[in-house]
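I set out to record what I looked up in this structure, entry by entry.

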Amino acid sequence: METEIFDMDLSVRAYNCLKRAGITTYSALFSRIDEGIPSLFEIRFINTRCVGEVLKLAQKNGYPANEKVEDYIADLRKDPEATAESIAYWEALSDSLRLINFDTPKAN
């Protein structure tokens, strides 16, 4: 059986954003992340902190979210409107994702 998002360890805001977007399972979440980090920002009312929270949750459950973050950072570096603070945030998130152990038991 697939894990529903209410079983995930998320803040209320992140949970509500995902639920409103119709993302109710891990597989739906992983599919959305596969579309790229910008697709997460298309979710209504989601913010950078929530996106980071969702990516950490995905990484903890065996999804290689760090690879998507690295791709996003590369795109940000090419964007002349990207701020140094934004790039630094994503680099820090990438570093923290690298520290997450893939052997963490997956949610049932």
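Predicted model: local features only at pLDDT ≥ 70, side-chain atom pairs only at ≥ 80, totals over all residues.

The entries below begin with the core and then turn to the charged pairs.

**Entry 1. The nonpolar core.** I asked which residues of the largest nonpolar core touch the most other members. The core holds 32 residues, and those with the most such partners are Leu18, Leu55, Val69 and Trp90. I then listed the elements that contribute two or more residues to this core: H1 (12-20), H2 (26-34), H3 (37-41), H4 (48-60), H5 (65-78) and H6 (84-98), each of them a helix. The largest share is that of H4, with 6 residues.

**Entry 2. Surroundings of Trp90.** I looked up what Trp90 contacts once its neighbours within four places in sequence are set aside. The partners are Ile37, Phe41, Thr48, Val51, Leu55, Val69, Tyr72, Ile73 and Leu76. Two of these, Leu55 and Val69, are named with Trp90 among the core residues that touch the most other members.

**Entry 3. Salt bridges in the whole structure.** How many salt bridges does a search of the whole structure find? The search returns 5. I followed up some of them in the next entries.

**Entry 4. Glu53 and Arg49.** Glu53 is joined to Arg49 by a salt bridge, with 3.3 Å between the closest N and O atoms. Both residues lie in helix H4, and because they are 4 residues apart, about one helical turn separates them.

**Entry 5. Arg98 and Glu70.** Arg98 and Glu70 form a salt bridge through their side chains, at 2.8 Å from N to O. This pair connects distant parts of the chain, with Arg98 in helix H6 and Glu70 in helix H5, 28 residues apart. Arg98 is partly exposed at 48% relative accessibility, and Glu70 is partly exposed as well, at 30%.

**Entry 6. Arg98 and Asp95.** Arg98 also has a salt bridge with Asp95, where the closest N and O atoms are 2.6 Å apart. These two residues are 3 residues apart in helix H6, which means that about one helical turn lies between them. For Asp95 I recorded a relative accessible area of 41%, that is, partly exposed.

**Entry 7. The network.** I asked which residues are linked in a network of salt bridges. They are Glu70, Asp95 and Arg98. Arg98 takes part in both bridges recorded above, with Glu70 and with Asp95.

How values were computed
Residues numbered from 1 in each chain as written. Heavy atoms only, no water. Core = buried A, V, L, I, M, F, W, Y, C linked by side-chain atoms within 4.5 Å. Buried < 20%, exposed > 50% of the residue type's maximum accessible area, 1.4 Å probe, protein only. Contact = heavy atoms within 4.5 Å. Salt bridge = Lys/Arg side-chain N within 4 Å of Asp/Glu carboxyl O.
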